[in-house]
Amino acid sequence: MRFNVWQSVKVKTEDHPRTGQAGTVHTVSPEHPDEVVVKFDVDSSTEAVNVNDLQAL
């Protein structure tokens, strides 16, 4: 799945440390097509997350 900057997402993978947390896609990179950087709503931190761990909101 492809995500775009400013898209709302949520971590869906059960064993991920941020399971259930929502945020906004902050950065996408052609050099890293399997991950995006998400800015999480809960603490405003940014973290690279595998796209397979995310669902669009």
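Colleague: Where does aspartate 15 lie?

Modeller: Aspartate 15 lies in the loop between β1 (8–11) and β2, strands being DSSP runs of E of at least two residues, numbered from the N terminus. This is a predicted model, in which local features need pLDDT of at least 70 and side-chain atom pairs count only at pLDDT 80 or more, while totals for chains, interfaces and linings use all residues. Residues are numbered from 1 along each chain as its sequence is written, and side-chain values use heavy atoms, with hydrogens and water left out.

Colleague: Is aspartate 15 buried or exposed?

Modeller: Aspartate 15 counts as exposed because its relative accessibility is 70%, where buried means under 20% relative accessible area, exposed over 50% and partly exposed in between (1.4 Å probe, protein chains only). Its C-alpha atom is separated by 27 Å from that of proline 30, which is 15 residues apart along the chain. Tryptophan 6, in the segment before β1, also counts as exposed, at 71% relative accessibility.

Colleague: In what order do the strands of the sheet stand?

Modeller: In general, strands of a sheet pair through backbone hydrogen bonds, either parallel or antiparallel. Here the open sheet has five strands in the order β4-β3-β2-β1-β5, with antiparallel pairing, two strands being paired if DSSP finds at least two bridges between them. Because β4 (46–50) and β5 (54–56) stand at the edges with a single partner strand each, one side of each is left without a neighbour in the sheet. The twist averages 45° from one strand to the next, with axes fitted as lines to C-alpha atoms and angles running from 0 to 180 degrees between N-to-C directions.

Colleague: How many bridges join β2 to β3?

Modeller: Five bridges join β2 (residues 22–28) to β3 (residues 35–40), and these strands run antiparallel; glycine 23 stands opposite phenylalanine 40 in β3.

Conventions: Helices (H or I, at least four residues) and strands (E, at least two) are DSSP runs, numbered from the N terminus.
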